[in-house]
Amino acid sequence: MGLAVLPPDPEEDVVVVQSPSDDVDSPSDSDVSMYDEDGRPLKRARLSPSSSRKMVLPGEIITEETEWMRGHGTYTSDASTIMTATLAGPLRQTNKLLSVAPLRARYTPEIGDLVVGRIVEVQKNRWKVDVAAPLLAQLPLSSINLPGGVLRRRTTADELQMRNYFQEGDLLVAEVQQVGSSDGTASLHTRSLKYGKLRNGTFLAVTGTGGGGGVVRSRRQVFTINSGAQGGGDVDVILGVNGYIWLSKHVEQAEDQSRMSGGVSISNLDDVVSSAIYSSQNDKIEEGTRREIARIAECIRILAEKGVRVDEDTVIKAYEAAVDAEMSVESHDGAGTAFNDEVRKRIIDAATH
């Protein structure tokens, strides 16, 4: 049985569907029909300047006007001018371009991105790394620094010792060096002294790399928060563009030491790159430092829950607001350091203003 394609209704038959905020008295559990008396789907009203804040669902008609251009998350067939949504998320308007930002999306690698990943597989001459992308990234054996600063070709003996460098479950920070043109697989490297295996900290992931909160790209992603006033040491923060974040105790890196001694060169590379960079043993972390790491992690989770983009400024503002708010709560109520509703509100206000 064939399908009959019905012509569009005249313009005066456009049905305006009120949003829940327009009718406060309407019950939330009432059933609203999406079809008219003839069984055809209802049309949407004309787009207004406030339509960029509306939420759309897959298959929902966005507009029939030909003046709008189709963007990401929308679809228009060749035989029709009806623009429908292919994703669930907020409708965004940029001049005459309409697009739908997904509520949740996988990370899309780009060359130069700083990412935090987890080793999931050890292969012949490379590691497979989970970086929250649709496909696992790869870290070639030739793209890491060998202990002792040895600059040579990788041999079969190096392949047999790959688990001495990284093994399943290890966390690392790396940079996207190349993206495959055929499938988009990311190739990583850790040849810089600021990259490598992660220790002495905690891992957390923020969701919403699509239209929600996430890590801001093209900002400084590695910075240190001084928490000495609260009885803790300095805390290093690594914000991966892929939404993976690492918080750790600040340790003087070999790169800092080498900079004081005149920089890294072929002559002193063996002194800078030691076997300690691939150690899985954590150093002793004081209780105050662990408390501040947990506080910063909770601030980042609150920012992600409220859809606030995470970067250096928002994290520092949120942390300072949390410290001030908790000190005032303790002085008035004698409460602990748990984040109540008042502290959460101050964190969001400080990060968004």
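A residue is called buried under 20% relative accessible area, exposed over 50% and partly exposed in between, with a 1.4 Å probe and protein chains only. The model is predicted, so local features need pLDDT of at least 70 and side-chain atom pairs pLDDT 80 or more, while totals for chains, interfaces and linings use all residues. Residues are numbered from 1 along each chain as its sequence is written, and side-chain values use heavy atoms, without hydrogens and water.

The whole structure holds 12 salt bridges, each a side-chain nitrogen of Lys or Arg within 4 Å of a carboxyl oxygen of Asp or Glu. One of them joins R163 to E168, with the closest N and O atoms 2.6 Å apart. R163 is partly exposed because its relative accessibility is 45%, and E168 is also partly exposed, at 38%.

Another salt bridge pairs E67 with K96, at 3.0 Å between the closest N and O atoms. This pair links distant parts of the chain, 29 residues apart: E67 sits in the loop between β2 (61-63) and β3 (69-70), K96 in the loop between β6 (89-94) and β7 (97-100). Strands here are DSSP runs of E, at least two residues, and helices are runs of H or I, at least four, numbered from the N terminus. E67 is partly exposed at 43%, as is K96 at 37%.

In helix α4 (residues 287-305), R295 and E292 are 3 residues apart, so about one helical turn separates them. Their side chains form a salt bridge of 2.8 Å, N to O. R295 is buried at 10%, and E292 is buried at 0%. Salt bridges with shared partners also join E298, R301, E305 and R344 into one network.
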